[in-house]
Amino acid sequence: MDRTLTVTELCGFVAGVIDEVFPEEVWVSGSISGLNRRGPHAYFSLVDPATPSDRQRASLPVVLFAPERARVNAMLNRTGAVRMDDGLEIKVRGRIQYYPPQGRVQLIMTMVDPSFTVGQLELARQALLVELATAGLLETNKAVPLPVAPRRIGLVTSSGSAAEADFVNELRSSRFPFQLTRYDSRVQGPEAPAELVAAIAAAASREEIVVVTRGGGARTDLGAFDEGDVARAIARCPVPVVVGVGHEVDRSVADEVAAISVKTPTAAAGYLVGLVEQFEARVESAQRGLVSVAAFSTEAASTQLQAIEGRLHRVTSRAGARADADLTRHVHRLATAARSQLNGLRMGLGVAEATLSASDPHRMFQRGWSTTHTATGQLVRSPADVAAGTTLLTRTAGGSITSTVDQTKTTGEET
Amino acid sequence: MPKDPNVDVDELSYREAISEVEAIVLSLESESIDVDELSAKVSRGLALVAHCRTRLDAVTDEVDRLVGDGDEPS
């Protein structure tokens, strides 16, 4: 080939070859790099994500002209899951074209496949969840005890964002004196993960509870919350983390590892207010409980006292009745014994009286007996006691007789 | 010991009186006593018995008054 071509000729030739090789549109996947959407068109490069060295990394310029950009955006908005950003893995369709003014091959993008990106994200998410579960990190932050009434709150979010305003407004509308400290961090884009990790660490060292939040967005906007570093920072946070990432359907990995997961920044603030309200209610309930316990105790004690009094009364009554019966019995025995004694004595007296009466000489005299004494007063017991001529004094019932002894005769001598 | 037989019977306690009665009865049963002495002893003994009976009656009345009928409780 001795003919020297002009640049235009050569470029036209290359373009023709490329058109010949790629007569139709092709699908190509890769990571977005250097996204530029200033102006009506959008420009970025597709690169292979897993290439070890950037210098070796293949790169394909992509151009998204305004009409196609509008169509692609409409498609993305319909799915709501994917938003193009640097680092995002994406599958696009377009026509391969050689662009002579810049001497490069580029893809004129006409269509995007959002399901590819979602699938890639989901694969990565699942892999991360398995890794976290294996490391035991899914339950780590949930195991941190929740403060019963948190006061010092660390808010990790993008400064000046609507999410921050929502959270702060909700918190302020409560009547509780929360001490809120803001820890600014981007929540989207390539720098978001590192900033989130740093902000969470800073907040964890000072606050009782950390809130990580952002407003709603496409699934790919929330990519930072599916990042391993962020998930691990939340899981290992020494204080409980409340994640409130605006999303409707899927849960991010951050949601899975956090102690508490709610759907929005407002809900995150509401959760904290609810905690304090619950605490307040528990305190009030405990107070009421104490009062009612005290009242119940008093009432129970009173009832118990009455029961004891009743039993005491019954016991006393029974004892009284028993004592009464005992006493009556004793009195009876006393009376019986006394009367028995008295009767005995009376009988003794009767015997003594009878004995005495039997010895009474007057009664002997009444029955005809008499006693005879000598003049000297000696009792005459036998004829031998006297001699003839002795003066005798005889006592009888009616009086006495004086006589003189004529003759004496002893028993046996009488004829 | 029985008190002096000359002491007024009414001043004797029951125990003193009955002791004297017992002594009199014992002497009547064991001794040979002059009729006059016998008469005096019997008279004294009977007075003592009467005194004792009066005391017994008084005590019986007192017991009845204190314990009522003294019936066995039902």
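How many residues of chain A are in contact with how many residues of chain B? In this predicted model, 28 residues of chain A meet 33 residues of chain B.

**View 1. Salt bridges and polar contacts between chain A and chain B, with the side of chain A that touches chain B.** Two salt bridges are found across the interface, and one of the salt-bridged pairs is A:Glu353 with B:Arg53, whose closest N and O atoms are 3.2 Å apart. Two residue pairs, both at pLDDT 80 or more, are in polar contact across the interface of chain A and chain B. On the side of chain A that touches chain B, at least two residues each are supplied by helix 8 (265–359), helix 9 (361–366) and strand 11 (371–374) of chain A, with helix 8 giving the largest share, 20 residues. Sorted by class, this side of chain A comprises 12 nonpolar, nine polar and seven charged residues.

View 2. Because its relative accessible area is 15%, under the 20% limit, A:Ser174 counts as buried. A polar atom of the A:Ser174 side chain lies 2.8 Å from the backbone oxygen of A:Leu171, and the backbone nitrogen of A:Phe176 is 3.3 Å from a polar atom of the A:Ser174 side chain.

How values were computed:
Residues numbered from 1 in each chain as written. Chains lettered and ligands numbered in written order. Predicted model: local features only at pLDDT ≥ 70, side-chain atom pairs only at ≥ 80, totals over all residues. Heavy atoms only, no water. Contact = heavy atoms within 4.5 Å. Salt bridge = Lys/Arg side-chain N within 4 Å of Asp/Glu carboxyl O. Polar contact = N/O pair within 3.5 Å; in protein donor to acceptor, adjacent residues only side chain to side chain. Helix = DSSP H or I, 4+ residues; strand = E, 2+ residues; numbered from the N terminus. Nonpolar A, V, L, I, M, F, W, Y, C, P; charged D, E, K, R; others polar. Buried < 20%, exposed > 50% of the residue type's maximum accessible area, 1.4 Å probe, protein only.
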